[in-house]
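Subject: Structure handover

Hi,

Here is the structure I promised to pass on. Please open it alongside this note.

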Amino acid sequence: MKKIVIIGAGSVGGHIASNLSLYGIEGRLIGFLDDDTAKQGSEFCGFPILGGVSWLLDKTDLAVVIGIAFPRIKALILNKLAANPTLEFPTLVAGNAWLSNGTTLGKGVVIYPGTCINYGAQIGDFVVMNMNCSVGHHCLIDSFSSLAPNVSLGGHTKVGFSVELGIGCSTLQGVTIGNKTIIGAQCLVHQNLPENVVAVGVPATIKRYLTS
C-alpha cells in the first residue's frame, strides 16, 4: 500500500496521526505538509512537516489525506493538486464508526469515531464528519462539506456543496441546505435554506448573506 502524507498540521491532521491504527493506516504515514512556513521543518504529533502543499507536485506513488475541515481551503488545495494526477486520496473511516449497508462514500472522506450513517446515505468527496455525528437514511451530503461534532441529520436531508455544519446542529427530515451555507452551533434547521447564507438559532434563521 502507498505511503501517506497528511495536509494540514492542525486539529484534523493531528487526530488522524494520533490514531493511525483506528483508521487502519499504521506504518504508512511519512509526515505532514502545511503552507504555514513557521511550521515547516519541525515535527507535529511525532512526524516531520516536510514542506508546503507544492511539495507534492512532482511526487509519485503517494496517497494524500486532506486533514482540514474548512471547505474553501480544501477546494483550493485540491485545485492546486490537480496538476499531479498520480496522487491518490483514500477515504478514512474510524474503526468504531457505524456505516449501514447501502451507504456510499466518495474519495478523501474522513469519518471520525462514534459517527453513525444510515442506509441510503450518499457522501460526496472530501467530506469531514467529526465525532458522534448521526446521518439519517437517504441523506445526501455533497463534496467538501464539513460536519462538526454531534451534528444530527434527519432522514432525506440534502446538504449542498461546501457547507459547514456547526457543533450539535440538527435538521428535520427532508430539509435542503444550499451550497456554501454555514450553520451555527446547536441550530435546528426546520426548513430549507438557500446557498451562501449564515444561519443561527433555534429555529435556524438567516443572519447574513455571503458573497458567492
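Below is what turned up, topic by topic. Please keep in mind that this is a predicted model.

**The largest pocket**

The volume of the largest pocket is about 410 Å³. Its lining consists of 27 residues. Nearest the centre are Gly67, Ile68, Ala69, Phe70 and Ile73. By class, the lining splits into 16 nonpolar, seven polar and four charged residues. Several elements each supply at least two lining residues. They are helix 1 (11-18), helix 2 (71-81), strand 15 (146-147), strand 18 (164-165) and strand 21 (182-183).

**Helix 1**

Helix 1 also deserves a look on its own. Six of its eight residues are buried, so helix 1 is largely enclosed by the rest of the structure. The buried ones are Val12, Gly13, Gly14, His15, Ile16 and Ala17.

Strand 21 pairs with strand 23 (residues 197-200) in the parallel sense, over two bridges. There, Ile182 stands opposite Val198 of strand 23.

**Nonpolar cores**

The largest nonpolar core has 27 residues. Which of them touch the most other members? They are Met129, Val135, Ile141, Leu147, Leu153, Leu165 and Ile183. Take Ile141: leaving out residues up to four places away in sequence, Ile141 touches Gln122, Ile123, Gly124, Val127, Met129, Val135, Leu147, Leu153 and Val159. Another core, of 20 residues, lies apart from the largest one. Its members include Ala17, Leu20, Phe47 and Ala94. Ala17 is also one of the buried residues of helix 1.

**Around strand 4**

Strand 4 (residues 47-51) has partners of both kinds. With strand 2 (residues 29-33), strand 4 runs parallel, joined by two bridges. Phe32 has Ile49 of strand 4 as its bridge partner. With strand 3 (residues 43-44), strand 4 runs antiparallel, again over two bridges. Here Glu43 stands opposite Pro48. Strands 3 and 4 make a hairpin with two residues between them. In that turn, Cys45 has a positive phi of about 55°.

Best wishes

Terms used
Residues are numbered from 1 along each chain as its sequence is written. This is a predicted model: local features need pLDDT of at least 70, side-chain atom pairs count only at pLDDT 80 or more; totals for chains, interfaces and linings use all residues. Side-chain values use heavy atoms; hydrogens and water are left out. On a 1 Å grid over the protein atoms alone, a cavity is a set of points where a 1.4 Å probe fits but cannot get out, and a pocket is an open set with protein on both sides within 12 Å along at least five of seven lines; lining residues have an atom within 4 Å of a point. Grid points are joined across faces, edges and corners, and a volume is the space filled by probe spheres set on the points. Helices (H or I, at least four residues) and strands (E, at least two) are DSSP runs, numbered from the N terminus. Ala, Val, Leu, Ile, Met, Phe, Trp, Tyr, Cys and Pro count as nonpolar, Asp, Glu, Lys and Arg as charged, and the others, Gly among them, as polar. Buried means under 20% relative accessible area, exposed over 50%, partly exposed in between (1.4 Å probe, protein chains only). Two strands pair if DSSP finds at least two bridges between them. A nonpolar core is a set of buried Ala, Val, Leu, Ile, Met, Phe, Trp, Tyr and Cys residues joined through side-chain atoms within 4.5 Å. Contact means heavy atoms within 4.5 Å.
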